Amino acid sequence: MSTRRHILCVWLFINSSIFIKRAAAFSTAAKQQAVIPSGILGPPEPLKSLQIGQTLNAFRLVVDDDDDRVDFSIERVATSPHIFLLRNFLTPSECNQIQALAEEGGMKTAETVTKGDTSSRKNCSVAWIPSSGPDGSSLVSGLVASTVNIFLSDVVKSRPSAGVENMQILKYGVGGEFVHHQDGDARVLTVIYYINGVGGTWFPLADRNDGEIPKNKAGVLELVENLEPGKHGIFLKGDSSNSAQEENNNKHTVLVNKGDAVAFYNYRDEGSAQLDWAALHCGSPTDETKWIANHWYRLNELDNY
């Protein structure tokens with residue numbers, strides 16, 4: 001598989017607090033006038049041109065320390081949906097800091113967007129950390145700024161309805177899982193950070209070439225009933241497994257480590273503003289404690305479609 005390498009510099013020129021606040025200020029009148037052009041809801045260049053297995057080398061500057069930087073790489077692992085693996089995006093110290101933020105703030109039983117739903121996400125506790133503002137963490141706001149610069153198109157960044165949700169930090173106990181779902185709901189981009197290196201994120205329909213994917217939840221859930229992680233789609237798995245060498249040769253499995261992250265897009269990018277059901281994913285049952293964190297980047301006007 002060919003590999004093309006570039007250096008991608010991440011300058012923190014985005015004011016993440018402004019980016020966050022714009023979403024809250026989005027008006028109903030603006031919503032009614034919203035038009036979603038094609039080519040803005042997916043990855044910008046140079047990510048867009050990457051083929052599977054091709055890699056970009058990048059770095060981000062550490063907030064509060066202009067002399068320090070974090071070097072990482074971005075590898076495309078799927079084209080439908082667009083999925084990118086960020087290797088070493090977080091340092092071990094930053095992973096520990098995020099975990100500490102959750103524990104210090106107190107964790108509660110995790111629910112889904114459906115209030116009171118604790119059955120879709122099992123054996124899981126949650127904490128929320130502001131992505132910006134006086135109560136936020138410079139580490140978290142720095143991650144937002146870096147991600148925005150790399151993964152969102154200039155058009156999306158400039159839209160009044162663009163924004164980012166607070167960081168969600170999750171701790172899954174043994175047997176914990178999150179059933180198949182599509183992040184959607186105006187969430188253009190999802191970033192999952194692997195805080196302790198335990199993976200388990202499965203995209204059962206990623207790069208599917210065996211027939212069309214239904215365009216509704218009921219249809220895709222029926223379709224994935226007989227599919228298996230490691231045999232279908234893309235399965236991001238912690239590399240602590242004894243079968244790591246075997247998994248390295250499996251095109252359906254991608255090994256992740258502590259500090260890695262995965263970024264993927266939730267909408268089709270041809271101007272329809274429709275959900276991309278190839279981005280359906282789940283958190284598979286874990287046989288050890290798993291720490292992850294999430295950021296969701298929004299374009300609220302998508303709620304109008």
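In the predicted model, Val191 has Ala263 of strand 13 as its bridge partner; helices (H or I, at least four residues) and strands (E, at least two) are DSSP runs, numbered from the N terminus. Strand 13 (residues 261–265) runs antiparallel to strand 9 and is joined to it by five bridges, where two strands pair if DSSP finds at least two bridges between them. Strand 9 is also joined by seven bridges to strand 15 (residues 290–299), again in antiparallel fashion, and Thr190 has Trp296 of strand 15 as its bridge partner. Eight of the eight residues of strand 9 (residues 187–194) are buried, so this strand is largely enclosed by the rest of the structure; buried means under 20% relative accessible area, exposed over 50% and partly exposed in between (1.4 Å probe, protein chains only).

Residues are numbered from 1 along each chain as its sequence is written. The model is predicted, with local features requiring pLDDT of at least 70 and side-chain atom pairs pLDDT 80 or more, whereas totals for chains, interfaces and linings use all residues; side-chain values use heavy atoms, without hydrogens and water.

The structure holds five aromatic pairs; rings of Phe, Tyr and Trp (its six-membered ring) pair if their centres lie within 6.5 Å, and planes under 30 degrees apart count as stacked, over 60 as edge-to-face and the rest as tilted. The ring centres of Phe72 and Phe89 are 4.8 Å apart and the planes stand at 85°, so this pair is edge-to-face. Phe72 lies in strand 3 (residues 65–79) and Phe89 in the loop between strand 4 (82–87) and helix 3 (92–105), so the contact ties together parts 17 residues apart in sequence. Phe72 is buried at 5% relative accessibility, and Phe89 is buried at 0%. Together with Tyr193, Phe72 and Phe89 form one aromatic cluster.

For Phe84 and Phe151, the ring centres are 6.1 Å apart and the planes at 55°, so the pair is tilted. This pair links distant parts of the chain, with Phe84 in strand 4 and Phe151 in helix 4 (residues 138–151), 67 residues apart. Phe84 is buried at 0% relative accessibility, as is Phe151 at 1%.

Phe59, in strand 2 (residues 55–62), is buried with a relative accessible area of 7%. Arg69 lies over the face of Phe59, at 4.0 Å from the ring centre; a charge sits over a ring if NZ of Lys or CZ of Arg is within 6 Å of the ring centre and within 35 degrees of the ring normal. Arg121 lies over the face of Phe178, at 3.9 Å from the ring centre.
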